[in-house]
Structures are given as C-alpha cells and as structure tokens.
Amino acid sequence: MITITIDGKTVNIEEGATILDAARSAGIDIPVMCHRDKNISPVSCFVCAVRIGGNDNFVPSCATKARNGMAVDASSECVRDCRRRALELMLSEHAGDCAAPCSRICPCGLNIPEVMRNLLSGDVDAAYKTIMLNMPLPATLGYICPAPCQKGCRRTAIDTPMSIQLTHRAIAEQAINSSSVKKHVDTAPKSKNIAVIGSGPAGLSSAYFLAVSGYSCTVFESQSRAGGTLRTQFDKPALPEKVLDAEIELIEALGVKFALGQKINSIDNIYGDYDAIIIAAGLQDNNRRRFGLEYGSHGINVCRDTLMTSRPNVFACGSAARPIRMAARAAGQGRQTAISVDNYLSGKSAHKPFFMNTGHLSAAEAESLAESIPHTGKSKAPLSITGDPGRCLQCDCKKKSSCALRDYAAQYGAHHLRYATGHRRQYTRHLYNDSGLVHEPGKCTACGRCVNITMVKGITPGLSFTGRGPDVYVSAPFGADIDKAMGAALDECVKSCPTGALWIRKQVVDA
C-alpha cells in the first residue's frame, strides 16, 4: 500500500493504482471523458487533469500512477481552469446541437423530436406524456401560439416545416377526451405550500409544475373564473372555451386549489401562510405598485436567473415582471419559476444548462440530415393526430440528457466559442440500414472509447484513429462500414459514446 494526499485528504491505495483510482476510492469526484473502466485510453482528453506538488505540473489522473507521498490538487481554481480549457477545445470543434432548433425556439422547450418518435411507434399516450413534461395547456396553446418552433424546423430548407402546433393540439385534445393528466404524472408529496397570484398562462403553468413536483398549491384569481388573459385576450372562435376549461380542470385534478374572486393587493396578507409566493398577475398601469415590492420600468424587479424578487420567498413571472405578448412564452416562464421555487425550497444549486448551437446548415448539411432519416414508413398513430412525424429529421442529440461533454461544460462554465476559428466542422450524419446505426462524426471528440472497446475485445477489423493532431478522427480500417467494423461490440460502443456521436435509429415499417 502507498499513501498520497488529494486536496489535503489522506488516501491509502494499492501500488500501481492511478491517481483517478485513488480519488474514486476516497469519494473525490474527477471528471472523465476518454477514460472507461480500468482500460487506459490511447488518447488523453485532459478533462481529468490534476496538479502535482503545487506547481504548474498538470497530468491526466486516469493515466498517471500514484506515487507514495504524492500531493495532488484536484479541485483548485487553476485545476478547474485547466479542465475548462480542455472542454472548450473540444467544443470548438463540436458540430452538433444539444437540442433541436424547433425545441430550442419553443418558449416551453417542448421535446418535439421525441414526440414525433413516440408517434412513429404508435404510442400516442407516450407522446402526450412527453408534451406534459414541458408544456402545460398543450391544447390551449395549440390554438393560439404563433408556432415559432416551425420557423426553426430544418425541413424548411428542404420542403416545408413540420406541423408541430397542430400535432400537439390534436394529441392533447384526444387526451382530454379520453384520460386525465393524473395518468401521465407521478407526484411525490412535499410538506410545503405555495401561493400563486394570477391564473393566466404563467400562473397556471407555475401551479401545474409545482403540483407535479408534489407541492400543495393555491392559485388566487380576482375574477370568478380561472384563465386570466387566456379568457380576456382571445375570442371563442380563436380559443374554444371548452378546451381551456378542460385543461384547467386537469390541473385542478392534480390537487391545485383555486381561490376565485379573491384579489390580493399586498403579499403581506398571505406571506406568513405560505412557504413561497409567485406573483403571476399582469400589472396594468393603474395597479403597478400593488404588491409593495421593488419595481422597474417594466414591472417587478426580479433576479434574471431565478425570478426571485427583492423579498425572500417571493417570485414573479409573466407580465408581472415584464410585458409578455406570447402566451406560450409566459407559460414557459411559469415553468422556469416553478423550478426556481423548487430549487430554493429544497436547497438545490442547479448549474445553468449548457446548449450547443450549430447554427445555420448549408444545403449539403441539410441534405445529409434528410438522407439519414429516410421516410420508410408511416406512423402507427391515428391519422387525425400524426401530421406525418416520419418527416421529422430528428435534429436533437440522442444523449442530450446524459452527454458528458454537455454536463461538464455546464459544471465548469465552459464556452463553446472560446477557441472558435470561425470555420466549424461539417455537420454530417450517416445511416447504416442493416444495423440501424447512425454515426455523426462532427460530434465525435476522438475520446477513443470505441477504439479501446474493439481493441480489448479483439474485434476484427475494429476501429482506429486516422489523421494527425487536430485532424484525427475515428474510422473503420480498409474502407469497411463502421457498424460492421465494430461487430459484436456495436451496442457497447454506442452505449459508451459520451457525446451521442453513435446511436441506433429504430426502424419503422408500414403497419
């Protein structure tokens, strides 16, 4: 056994172990990208860098053997900066989107490609559940939203955009007629009460997501019916009243209480009765000082990131904080506020999400996308709902919820343009029909995990590196198809890929 110190903590470890092994045995977290299990990677991404002896001597912890008496710095700001730079170098060459452009533009952040995948498999119930993870009132918004998501759809460069708005409206209207929201959410009750002032799109959205998170929630509305501006700014032909009523009833079915005909002029009247208060009532000129908080030129002053006001436990969103003309945008901000309230009350410290944006695609890049998603079959969902989801180009990253590069970029505050040269890699996608493998080379960080897997397993021909320096990339030798080169290790390589450069497309055939 040998003894080293990591961040001042004494660690005993077997001789021959790496610094990373020692850190893990002591519960000290060090990020890794190229490292996998105990197999030494043929490359070093330097994301796991640590400093030895207090000098500017940085080494990769996954490949450096621990030596007796070694003093390791694994968490100082200079170490974090070294890792941040390594991440930024990777990001500067990364050609891929964390979220599809349509989802990124959607004010509610709806996972549109996933909805289309659900429909292609014939699972309308799963499609509705996917929608309700981000978008409350999907039928209501399906009538009145100007559909900015469709302006970002990459099919526009090829033919016409997807009918996203009509699709989520149809799915939601079917759900209203056949089931309830309770079927699609699992709540874990919490012993805290939240007050929401105002029942417009921002207030209803906040209440919905708080209820889904298990909070007891009471919505105060000065009018005799809930709905706020959804009732006053849209006529009945534009927004059928029965649709709005039905979706409010579904929110109520989650346990949300509505205190109708109760106007709150000062939060002091209810401050001691609730663990948090959300002000989501639009402020007209004649009541701009209504709640006794700090106001700016547009409305109540709030923290940009958390939407908390100058008073502890009090948040503001929607037109209470700043005029918002789009109901979907108000609903999206309501969700953001609910998340902030949950983080505040539960003591969570959430990292600001990281989003990689490839930007405009050339005609050749758009064609590569289209060719990788051949329209080989029709949806198994009812024709009244589909909107032909087989046309969706599936622009989202298939590992957006588990991408190591994205997670570490958020954790270390990395910026993808720090080392950008103005000329990014081509956004390409290759589909291998026999296996269903999809390869997106622009997302590959050359971490070497897949190369290492095929080498350790003795797969022939396996994968290898081609090129030199910054131009190195993973390929199959002798011009073989990459899925064939991985052989029996294909599934393991796909699972091990840290950035979603490899994924399997489920084949859809005519029913």
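Predicted model: local features only at pLDDT ≥ 70, side-chain atom pairs only at ≥ 80, totals over all residues.

Reader: How many bridges join β1 to β2?

Author: There are 5 bridges between β1 (residues 2-6) and β2 (residues 9-13), and the two strands run antiparallel. Thr5 has Thr10 of β2 as its bridge partner.

Reader: And which residue takes a positive phi in that hairpin?

Author: Asp7, with phi near 55°; the hairpin has 2 residues between the strands.

Reader: Switching to helices. At what angle do α8 and α11 pack?

Author: At about 65°, and the axes of α8 (residues 164-178) and α11 (residues 241-253) are 11 Å apart. Angles of 65 to 115 degrees count as roughly perpendicular, so α8 and α11 are roughly perpendicular to each other. Their crossing is left-handed.

Reader: Which residues make the contact?

Author: From α8, Ala172, Glu173 and Ile176; from α11, Val243, Ala246, Glu247 and Leu250. By type, the contact of α8 with α11 has 5 nonpolar residues, 2 charged and no polar.

Reader: Now the open sheet. What is the strand order?

Author: It is β8-β7-β6-β9-β10, 5 strands with parallel pairing. β8 (257-260) and β10 (314-316) are at the edges with a single partner strand each, so one side of each has no neighbour in the sheet. The twist from one strand to the next averages 20°.

Reader: What stands opposite Val196?

Author: Val219 in β7. Strands β6 (residues 193-197) and β7 (residues 216-221) run parallel and are joined by 5 bridges.

Reader: Where does α9 lie?

Author: Helix α9 (residues 201-212) lies across β6, β7, β8 and β9 (276-279), and runs at about 165° to β6.

Technical notes: Residues numbered from 1 in each chain as written. Heavy atoms only, no water. Pairing = 2+ DSSP bridges. Helix = DSSP H or I, 4+ residues; strand = E, 2+ residues; numbered from the N terminus. Axes fitted to C-alpha atoms, helices over the stretch in contact; angles between N-to-C directions. Parallel < 35°, antiparallel > 145°, perpendicular 65-115°, else oblique. Left-handed = near helix turned anticlockwise from the far one by under 90°. Contact = heavy atoms within 4.5 Å. Nonpolar A, V, L, I, M, F, W, Y, C, P; charged D, E, K, R; others polar.
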